[in-house]
Each structure stands twice: as structure tokens, then as C-alpha cells.
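My entries follow, in the order I made them.

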Amino acid sequence: MKRSFFWGALILGCAQLGLASAALADDATQLRQKLSAMQALSADFSSEAVRSDGGKSESSGKLALKRPDKMILHTLSPDETVLYTKGDDIFYFDPFVNQLSIYKSSAGNTSPFLLLTDHSDALWKNYEVKGDNGNYTVISKQGGDIVSMDLQFDGDKIKTLILKMKDGTVNSYFLSNVASTASDADFSVQIPDDAEIDDERGAN
């Protein structure tokens with residue numbers, strides 16, 4: 001009887017594990033389909049960063065996305081910065097120090113932000129996705145500064161992005177005036193001719 005109970009429990013446990021794995025796979029498929037249907041997005045954002053020591057900071061600006069590979073996060077207040085993608089590269093411009101940093105897109109593979117515009121299996125295999133009533137948590141399998149990203153939807157539109165960082169900081173982005181379109185002008189960035197260039201694409 002004990003032997004039969006053991007094997008029965010083992011079979012049941014394996015079945016439950018299989019169902020759990022299938023559910024996680026379904027969550028990832030559902031999120032990929034939801035994001036694939038979102039060919040473009042433009043919105044205003046306000047954000048709040050809460051550090052592990054309880055300290056807070058706020059910012060605001062504009063976010064735009066356009067498949068297959070365009071993204072821009074333009075922070076306007078309290079200090080202007082621009083994070084954007086162009087081709088296979090990621091750019092970060094800080095007007096205060098007049099510096100443009102350039103990275104390979106592969107350097108951002110541990111950032112789930114890229115999932116918003118990249119539908120490739122090569123990128124998605126680096127993440128685990130858990131769904132909860134139409135909202136999703138994307139968890140990095142490779143570590144990195146961003147541990148996970150929560151996506152909260154209002155219908156088919158993203159309303160909130162929450163990034164949980166390795167140092168305990170939680171960055172929440174609240175979107176407003178969300179539109180399912182984005183123009184080329186939304187991704188236009190003017191870099192001064194005298195800006196210092198920090199090109200990290202050749203770094204190991």
C-alpha cells in the first residue's frame with residue numbers, strides 16, 4: 001500500500017508540475033500575442049522610484065514604442081534624459097553632461113523593457129512570464145539590474161509598468177494619454193555636434 005501510495009503521489013506531483021509549466025508557457029504566449037497586437041504606442045508618463053531605504057524620487061516625460069525595434073523613454077522632469085533604440089543599438093543621452101552613450105542591443109538582453117518591441121524567441125527565452133487576471137510579471141532568468149517587470153493593462157493598452165531592481169528599488173511608470181499610434185517625430189532625437197560620445201559597443 002505504501003509503495004502504491006508513493007507512486008501515486010509521484011505521478012500526481014509530476015502531472016501538477018506539467019500543468020504548472022503549461023500554464024507558465026500559456027502566460028508567455030498570451031503576453032506575446034497581446035504585445036504583438038500592439039504595433040505602436042505613445043503616452044505621457046509619471047514615475048515614482050522607491051528605494052529600499054524608503055527614499056522616493058519622481059519624474060515625468062514621454063514614452064513611445066513602435067515595432068519592430070523602436071523605443072524611446074524621454075524624461076523631461078526633473079532632469080532631461082533620453083533612452084532610445086535605433087537599429088541594433090541602444091542610446092542614452094544626458095544633456096546635462098552633454099554625453100551620448102551607445103550600447104549593443106545584446107547588452108540590454110537582461111532588460112525586459114526590450115520585450116515591448118522585440119518578439120524574437122532569442123530574447124523571450126531569457127524570461128519567465130506569470131499571468132494574473134490579464135496582468136503579467138516578467139522575470140529575468142539571467143539576473144541583471146532589473147529583476148522583474150510587471151505590466152498592468154487597461155483592456156489592450158498598457159497602463160502601468162513596474163520595474164523591480166536588484167538593489168531593492170521599485171520604479172513605477174504610470175501612463176496617461178495612451179494612444180495606439182506613434183509618429184516618426186516621436187523618435188526624433190537631436191544630439192549636439194559637440195556631445196561627448198561614449199561608445200561601449202566594442203567593450204567586452
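**Entry 1: the sheet**

I began with the strand order and found an open sheet of twelve strands with mixed pairing, running E7-E8-E9-E10-E11-E1-E2-E3-E4-E5-E6-E12. Its edge strands are E7 (127–132) and E12 (196–199), each of which pairs on one side only. Ignoring direction, neighbouring strands of this sheet are turned by 20 degrees against each other on average.

My terms: strands (E, at least two residues) are DSSP runs, numbered from the N terminus, and two strands pair if DSSP finds at least two bridges between them. For the angles, axes are lines fitted to C-alpha atoms, and angles run from 0 to 180 degrees between N-to-C directions.

A note on the source: this is a predicted model, where local features need pLDDT of at least 70 and side-chain atom pairs count only at pLDDT 80 or more, while totals for chains, interfaces and linings use all residues. Residues are numbered from 1 along each chain as its sequence is written, and side-chain values use heavy atoms, with hydrogens and water left out.

**Entry 2: pairings and hairpins**

I looked up E1 (residues 40–50) and E2 (residues 56–66) and found them antiparallel, joined by eleven bridges. Ala-49 has Ser-57 in E2 as its bridge partner.

Next came E9 (residues 146–154) and E10 (residues 157–165), also antiparallel, with eight bridges. Here Ser-148 is bridged to Lys-164 in E10. Their hairpin has two residues between the strands, and Gly-155 takes a positive phi near 70 degrees there.

E10 goes on to pair with E11 (residues 170–179) in the antiparallel sense, over five bridges. I noted Ser-172 in E11 as the bridge partner of Ile-162. In this hairpin, with four residues between the strands, Gly-168 has a positive phi near 95 degrees.

**Entry 3: rings**

How many aromatic pairs are there? I get three, counting rings of Phe, Tyr and Trp (its six-membered ring) whose centres lie within 6.5 Å; planes under 30 degrees apart are stacked, over 60 edge-to-face and the rest tilted.

Phe-45 lies in E1 and Tyr-173 in E11, so the pair ties together parts 128 residues apart in sequence. Both Phe-45 and Tyr-173 are buried (under 20% relative accessible area, with exposed over 50% and partly exposed in between; 1.4 Å probe, protein chains only).

Tyr-136 and Phe-153 have ring centres 6.2 Å apart and planes at 90 degrees, so this pair is edge-to-face too. Tyr-136 and Phe-153 are both buried.
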